[in-house]
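Here's a friendly walk through the structure you are about to see. Keep it open beside you while you read.

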Amino acid sequence: MADQAVEFLTVGALNRYLSAKFSRDPYLKQISITGEVFGYKLSNGSAYFDLRDDDDASIRAYVSPSVLRGFSFDFKSGDKVNLTASVRLYEKRAYASIFVFSMQPAGLGELYLKLAEIKNKLTKEGLFSKPVKALNYFPKKVAVITSKTGAVIHDIRSTIGHRNPKLQIELFQSIVQGDKAVDDLMAAMMKADQSDADAIIIARGGGSMLDLWPFNDEKLVRLVASLSKPVISSIGHETDTTLTDLAADYRVETPTAAGNKVTPAISDYYHILDQMIYRFSDDIQRSLKKNLDQFEYLANSPALKSFNQVFVNHDQKLQNLNLQLVNLFTSRFQKAGQQFINLTGKLDALSPLKVLDRGFSLTYKDHKLIKNAAELKPNDQVKITFAQGSALAEIKELHDVGKI
């Protein structure tokens, strides 16, 4: 029997065949898988990690930038997750990897989703971006909201006692976990805000997500954001972040840090005082230099260097103006006097006395000037006024009455 010819495949051809089988398999197009994140890293907006289980089995995972931006919370190595993905084969190396569509924490998935929902809602409202209320540099009293037992209140009292022994501490005790914690915490917060404290510290020790859950309650978080006094939050350990931490004016990692935050040490006061002295000194020096520069400018100005000449020049100007005023007054007075003489002459020419000087006379009857003979009748007594003197007369006859 003759040997049959054998057709050898290239590695690339085999890998392309396997890749096609992967892409056509309906089960591999979308799978639901659980495991632990290992070697989580970000590069150019994408996420890469290995997903492995308790049997030390692992598979490489990839999250695209668009999918990663849709996550409502952050992941890190060591997190146990539930995810949906498609399985693909990398042709060059012929290894399988999963392309993630969605991912959420395993076990506490619903709780994480609820936290993300509340956080996104309050973030859109701007509740976490309100202006920070300033702390008093010289506080007299601080209100502390926490459990009356445990290391938290002890650490706060110890820290404040060392840094500022005169600062009063008023404890508004509250349970800090469990179903009744939210109402208890809210009542304590309202009392603290109505007190004469300068600031409020909300604190508790570490714990699981369920232990810290009351500090993620929406009503409690809204109340923290609405308090009139500055709020310092220290909930859980450094890696824990609750919504109360985000709503507070200041978030610190430990109760000791909260005590430090509300009580600047003496060295801090000295530093503030040094800054104020430097600032005031700098302001005074700049003001003094400005005034000296202005003084030198005025001292070197031509006006002050030749003051006498300036005075002489102004005196000469004043004399010239005075002479102009006298000349103007004289000219206008003479002109007005000539106008007066001319008007007097015209008035005198129109005077009745001038008419009498030319031989005319004025006739009056009962002190009334007679202008027409028709105003008289025979036997009327009249008074005739001449240029010089007057005479009484009696009318004998009237002729051509009404004619000139």
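## Strands near the end of the numbering

Strand β13 (residues 381–385) and β14 run antiparallel and are joined by 5 bridges. Two strands are said to pair if DSSP finds at least two bridges between them. One spot to look at is K383, which stands opposite L392 in β14.

These strands belong to an open sheet of 4 strands, ordered β12-β11-β13-β14, with antiparallel pairing. At the edges you'll find β12 (368–369) and β14 (390–394), each with a single partner strand, so one side of each has no neighbour in the sheet. As a bit of background, strands of a sheet pair through backbone hydrogen bonds, either parallel or antiparallel.

## What you're looking at

This is a predicted model, in which local features need pLDDT of at least 70 and side-chain atom pairs count only at pLDDT 80 or more, while totals for chains, interfaces and linings use all residues. Residues are numbered from 1 along each chain as its sequence is written, and side-chain values use heavy atoms, with hydrogens and water left out.

The protein has 14 helices and 14 strands; these are DSSP runs numbered from the N terminus, with helices being H or I of at least four residues and strands E of at least two. Of its 404 residues, 30% are buried (buried is under 20% relative accessible area, exposed over 50%, partly exposed in between, with a 1.4 Å probe and protein chains only). Take the contacts (heavy atoms within 4.5 Å) with a separation of 6 or more: 59% of them come from residues 24 or more positions apart. The accessible surface is about 28100 Å², and carbon and sulfur atoms own 56% of it (Shrake-Rupley method, 1.4 Å probe; for residues, only the protein chains shown count as cover).

Now head to β2 and β3, which pair in the antiparallel sense over 6 bridges. Their hairpin has 5 residues between the strands, and D56 takes a positive phi near 65° there. R52 has S58 in β3 as its bridge partner.

What about the pairing of β3 with strand β5 (residues 95–105): parallel or antiparallel? It's parallel, over 3 bridges. Here R60 stands opposite S97 in β5.

## Rings and charges

How many aromatic pairs does a search of the whole structure find? There are 4. Rings of Phe, Tyr and Trp (its six-membered ring) pair if their centres lie within 6.5 Å; planes under 30 degrees apart count as stacked, over 60 as edge-to-face and the rest as tilted. One of the pairs is Y48 with Y62, a tilted one at 5.4 Å centre to centre and 50° between the planes. This pair links distant parts of the chain, with Y48 in strand β2 (residues 46–52) and Y62 in strand β3 (residues 58–63), 14 residues apart. Y48 is partly exposed at 33% relative accessible area, and Y62 is partly exposed at 22%. Another pair is Y90 and Y95, with ring centres 5.2 Å apart and planes at 40°, so it counts as tilted. Y90 is partly exposed at 39%, as is Y95 at 29%.

Ring pairs also link Y48, Y62 and F99 into a cluster. R88 lies over the face of F99, 4.1 Å from the ring centre. Likewise, the charged end of R52 sits over the ring of F38, 3.7 Å from its centre. A charge sits over a ring if NZ of Lys or CZ of Arg is within 6 Å of the ring centre and within 35 degrees of the ring normal.
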